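Subject: A structure for you, with notes on its salt bridges

Hi there,

Here is the structure I promised to pass on. Have a look at it first, and then read on for what turned up.

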Amino acid sequence: MVQRFLGRLLAAVVAVASIMFVASAVAADEAPDALIKRLSTEVLDAIKADKQIQAGNLSRVIALVDQRIMPSVNFQRMTSSAVGRHWRQATPEQQSRLQDEFKILLVRTYSGALAQVSDQSIAMKPMRATPEDKEVVVRTEVRGHGDPIQLDYRLEKTPGQGAGWKIYDLNVLGVWLVETYRGQFAQEVSAKGIDGLIATLSERNKANAKKG
């Protein structure tokens with residue numbers, strides 16, 4: 001049921017489903033809302049200009065997501081947050097496999113949405129934050145066909161090499177992605193353990209690959 005609900009939400013925001021993962025070498029002092037606005041425009045323009053994506057070439061969409069989008073995500077935090085308290089129980093090898101399988105799941109899920117981009121645009125909402133904040137929420141609306149759709153982002157400021165803002169969660173119509181997956185994953189771990197969750201994600205990814 002939850003999976004079907006997520007599918008409907010993804011279909012509603014196909015134009016911007018990739019924005020939470022957009023990759024770019026950005027300056028550490030770039031404001032998070034400015035980052036989201038710039039990356040949104042860049043990615044939407046790139047997709048609309050790619051005739052192969054418009055023709056439904058899924059392999060090209062997957063390559064776009066993997067190469068240009070995923071590097072800008074704090075994917076370790078996203079995965080550990082989705083797994084929740086069970087993350088600490090996993091071995092380093094299990095954590096690595098969970099991260100790999102979760103990444104494949106998200107890449108293929110959002111790749112399918114990206115192929116349907118048409119004429120949607122992003123409207124930024126005022127952000128409440130101070131220069132000292134290390135975590136912020138950037139709120140936006142997707143505007144195009146039908147009513148505007150709420151699309152919000154949680155970002156954190158990372159220090160050191162590669163410093164800058166990174167996205168680690170997405171809210172669509174009031175539903176945070178990580179929290180939704182956390183509920184699914186908790187059920188799997190309770191029933192089958194960490195290895196069972198890994199196996200379930202792997203099987204789902206193989207099934208999705210056959211569909212693509």
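Arg 154 and Glu 179 form a salt bridge, with 3.7 Å between their closest N and O atoms; the term means a side-chain nitrogen of Lys or Arg within 4 Å of a carboxyl oxygen of Asp or Glu. Arg 154 sits in strand S3 (residues 149–158) and Glu 179 in helix H7 (residues 177–211), so this pair ties together parts 25 residues apart in sequence. Helices (H or I, at least four residues) and strands (E, at least two) are DSSP runs, numbered from the N terminus. Arg 154 is partly exposed, at 22% relative accessible area, and Glu 179 is partly exposed as well, at 40% (buried is under 20%, exposed over 50%, partly exposed in between, with a 1.4 Å probe and protein chains only).

Please keep in mind that this is a predicted model: local features need pLDDT of at least 70, side-chain atom pairs count only at pLDDT 80 or more, and totals for chains, interfaces and linings use all residues. Residues are numbered from 1 along each chain as its sequence is written, and side-chain values use heavy atoms, leaving out hydrogens and water.

Searching the whole structure gives nine salt bridges. Another one joins Glu 135 to Arg 77, at 2.8 Å between the closest N and O atoms. Glu 135 belongs to strand S2 (residues 135–143) and Arg 77 to helix H5 (residues 75–83), so the two link parts 58 residues apart in sequence.

Within helix H7, Glu 188 and Lys 192 lie four residues apart, about one turn, and their side chains meet in a salt bridge (3.6 Å, N to O). Lys 192 is exposed, at 53%.

Best wishes
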